Amino acid sequence: MRTPLFIFVSLVLYSCTQSSPDYLSQARRDLSILASDSLTGREVGTEGEALAAAYISKRFEELGLQPAGTAGWNQPFFVKESQNPHEKPLLSAEDSTAGTSGKNVIGLMDNPGDEVVIIGAHFDHLGYGGFSSLHRGDSAIHNGADDNASGITAMFLIAEMLQSKNIQTDVLFIAFSGEEKGLWGSNFFVKNPTIDLSTVDFMINMDMVGRLDSAKGMAIHGTGTAPQWSQVIDTTNTVNLKVIKKASGIGPSDHTSFYLQDIPVLHFFTGQHEDYHKPTDDAELINYEGIVRIATHITNIITYLDTQPKLTFQKTKDESSQGPRFTVSLGVVPDYLYDGKGMRIDGISEDKPAQKAGLEKGDVVIQLGDSTVIDMMSYMRALSSFKAGDATEVIVNRNGEKLAYDIQF
């Protein structure tokens, strides 16, 4: 028997037409469907994930792409999770009754050239919360509008924008699942590629591109993975994005899987926010104009490099693995796009040390205990020197005024 959920999404799929809407309307439509309650948070292995995959494959078909999975549009994978937390999950193409099934959705824009560009974004999210939710309260649907319906929406826009560019390079569009559980889908793809990875020029990943703030800008990670990247990004930025470049090819998203295969990568990211991994990450909070601008920039990059020699891969310092370990927290959301001196606070959690001390959103931490804070890394180093029960002083810059507060961890 067909469930109401299945019928709803089937009607939505049927209502999608072959006409080309304006980009802004298209973005609103796609994201509102992917981030609707009817998809119940798109957790890998659930009906919501399967329905999201069906919608993505239908959109790929409408955009003129060719199925490029191992089962039509899909690349199924199965994950057997170990009870030992020190062991990695076992990914395979074989079904496992003791594991979780997921699927990547893959579409190809088949052009005359021999090289391939990969455009990726993950479409899974947290379902009703659970394993990595930051929500405190009753179980609720986590729609993941920014994380990462925004990336899939941008992918659709890029596919449509490229149709009029007459490029030579093939473009492989991959919607990954299982990212939230540990890059399952992208890891499976690079170990079981549906194309020859040696033909890949570069990979661009979009994860959380829905909260563009022109004042803060947008981070592009992976700019050190090819010596040409910085110049290419500047040359193709015709939409006046404020870009903050981050060199490392390693990070908590799907581009990492490709970087580890010696492929140049970029990861577009508009920043952390208070709704991250919470039920409040909903469609009405998305900057749709921002998604269109980001998709335009990425389309410009693909078009520009279509006539250039293949990029040269280079390794970068693994910034994420060299970070200090810490056991306490101020209870703040850092502004990862802040490029000034110090660590700017972008959000404050309730009933945590920062709120109890009187810190506010927008404060810039410039000293923690005896340590001067000049950036995110120095902030984490300072934090790592404390343990639960310790007390210290934090100095912040608030609108040009230095203020000191007592902190109890």
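**Exercise 1.** Within what distance do the axes of helix H2 and helix H4 come, and at roughly what angle do they cross?

*Solution.* Before starting, note that this is a predicted model, where local features need pLDDT of at least 70, side-chain atom pairs count only at pLDDT 80 or more, and totals for chains, interfaces and linings use all residues. Residues are numbered from 1 along each chain as its sequence is written, and side-chain values use heavy atoms, leaving out hydrogens and water.

Step 1: find H2 at residues 23–34 and H4 at residues 145–162. Helices are DSSP runs of H or I with at least four residues, strands are runs of E with at least two, and both are numbered from the N terminus.

Step 2: the axes come within 9 Å and cross at roughly 140°. Axes are lines fitted to C-alpha atoms, for helices over the stretch in contact, with angles from 0 to 180 degrees between N-to-C directions.

Step 3: H2 and H4 are therefore oblique to each other. Under 35 degrees would be roughly parallel, over 145 roughly antiparallel, 65 to 115 roughly perpendicular, and the rest is oblique.

**Exercise 2.** Which strands pair with S15, and over how many bridges?

*Solution.* Step 1: strand S13 (residues 364–368) pairs with S15 (residues 391–398) in the antiparallel sense over 4 bridges; pairing takes at least two bridges found by DSSP. Val 365 sits opposite Val 396 in S15.

Step 1: S15 also pairs with strand S16 (residues 401–408), antiparallel over 8 bridges. Here Thr 392 has Ile 407 of S16 as its bridge partner.

Step 2: 2 residues separate S15 and S16 in a hairpin, and Asn 399 in the turn has a positive phi of about 55°.
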